[in-house]
Amino acid sequence: MTKTNPGRFFEDYRVGQVIDHAVPRTVSGGERALYHALYPARHAIYSSDEFARACGLASSPVDDMITFHTVFGKSVPDVSLNAVANLGYAEGRFHQPVWPGDTLSARSEVIGLKQNSNGKTGVVYVRTEGRNQHGSVVLDYVRWVMVRKNDLDAPAPETVVPTLARVVDPATLILPEGIDFTHYDPTLAGERHRLGDYAVGEVIDHVDGVTIEEAEHMMATRLWQNTSKTHFDVTPRADRRRLIYGGHVMSMARALSFNGLANAQMIVAINGGSHANPCFAGDTLRAWSEVLDVAETAAPGVGAIRLRLVAVNEDGRAGELKDAEGKYLPHVLLDLDYWALMPV
């Protein structure tokens, strides 16, 4: 009897199946230091205890994307170890901040299955939630991933594709307890632009670029305990190239967006997202954002801005996303739709 775990294949999933993921993770200031070493992240709430306190928080929480990566990484051995690619996200909500010293664990429920026409792969839809040591949900989201079949003769399951909201209703956004931007200091934040300075439809070119390094990508996947074979092992791909973890692209693009969106401080929801094309070491990543919506919140001085964050390689230009047939252009790596908190 083998004691090793080959991971789940497409035929191993059933709609309604609940999977408790192994290895809880206690986060600390070390994760923040490594995150800021990997990405040019400078949003002030995640950089300074004093700035965070001036915004009504007890201290600086860990970056929202640290929470996302940690919870995501817990789910990989059970959901995407045998993945061809992670495809997209929807209905993501950050329920409360994560603080240094919190311990995160994760659970996923299979909510949809669809075998591909080639009979060799299928798409698995899961809703994953991360909880802290008190049992409180800190993050939940839906993602779908293309997974290999192990037994090509295994019958296709009944197709179930979940109906997902296109956008998280801004009236239901969950704000951190005590958040207050009435004494917000834009000089310390890095830019003067507040919510009223942005117009729906505005496109912001974030100007800067970062060339993706193999070593940094490998450090990131290990840091988040992401064990997907496509990020470590060159043999699954015919071209023998490691696929850059999509979350690495997300964090790099989010960090680059500081230039033009320094006051989009905290991500509170992920409306949707697609990893449009693969990213490889050596690609130079750039980013642009489009303002999709703005909304009021009940918190003093706090508004919400809905943004489309697009990561492209060196061939991409701001504002260019899809072709005439509605397909992503080949230079588009990421299309991420999210809500962030911003001073009014």
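The legends below describe close-up views of a predicted model. Residues are numbered from 1 along each chain as its sequence is written, and because the model is predicted, local features need pLDDT of at least 70, side-chain atom pairs count only at pLDDT 80 or more, and totals for chains, interfaces and linings use all residues. Side-chain values use heavy atoms, with hydrogens and water left out.

View A. The protein is divided into domain 1 (1-27 + 62-164) and domain 2 (170-344), with bounds that come from an automatic or database domain assignment. The C-alpha centres of domain 1 and domain 2 lie 21 Å apart. In this view, 31 residues of domain 1 are in contact with 31 residues of domain 2, where contact means heavy atoms within 4.5 Å.

**View B. Helix α3 against helix α7.** Two packed helices are described by the angle between their axes and the distance between the axes. The axes of α3 (residues 64-79) and α7 (residues 246-256) come within 11 Å and cross at roughly 180°, which makes α3 roughly antiparallel to α7. Helices here are DSSP runs (H or I, at least four residues), as are strands (E, at least two), and both are numbered from the N terminus. Axes are lines fitted to C-alpha atoms, for helices over the stretch in contact, and angles run from 0 to 180 degrees between N-to-C directions; angles under 35 degrees count as roughly parallel, over 145 as roughly antiparallel, 65 to 115 as roughly perpendicular and the rest as oblique. On the α3 side the contact involves Asp64, Met65, Phe68 and His69, which meet Gly247, His248, Met250, Ser251 and Arg254 of α7. By class, the contact of α3 with α7 has 3 nonpolar, 4 polar and 2 charged residues, where Ala, Val, Leu, Ile, Met, Phe, Trp, Tyr, Cys and Pro count as nonpolar, Asp, Glu, Lys and Arg as charged, and the others, Gly among them, as polar.

**View C. Helix α1 against helix α3.** The axes of α1 and α3 are 10 Å apart and the two helices pack at an angle of about 105°, so that α1 and α3 are roughly perpendicular to each other. Glu31, Arg32 and Tyr35 of α1 make the contact with Met65, Ile66 and His69 of α3. The residues of this contact of α1 with α3 divide into 3 nonpolar, 1 polar and 2 charged.

**View D. Ser75 within helix α3.** Ser75 lies in helix α3 and, at 0% relative accessibility, counts as buried; buried means under 20% relative accessible area, exposed over 50%, and partly exposed in between (1.4 Å probe, protein chains only). The side chains of Ser75 and Arg143 are joined by a polar contact of 3.1 Å, a polar contact being a pair of N or O atoms within 3.5 Å, of which, within protein, one must be able to donate a hydrogen and the other to accept it, while residues adjacent in sequence count only if both atoms are side-chain atoms. Leaving aside neighbours within four places in sequence, Ser75 is in contact with His21, Ser80, Ser108, Thr128, Tyr141 and Arg143.

**View E. Helix α5 and what covers it.** The buried residues of α5 (residues 214-223) are His217, Met218, Ala220, Thr221 and Leu223. Their cover includes β2 (25-26), α1 (29-38), α6 (229-232) and α7. After α5 comes Gln225, whose phi is positive, near 55°.

View F. Most residues other than glycine have a negative phi. Glu91, in strand β3 (residues 83-94), has a positive phi of about 50° and is buried at 17% relative accessibility. Val207, in strand β7 (residues 203-211), has a positive phi near 70° and is exposed, with a relative accessible area of 55%.

View G. Val98 lies in the loop between β3 and β4 (103-115) and is buried, with a relative accessible area of 1%. Leaving aside neighbours within four places in sequence, Val98 is in contact with Val27, Pro61, Val62, Thr67, Leu104 and Val138. Asp169 is found in the loop between β6 (137-148) and α4 (186-189) and is partly exposed at 41% relative accessibility. A polar atom of the Asp169 side chain lies 2.9 Å from the backbone nitrogen of Ala171.
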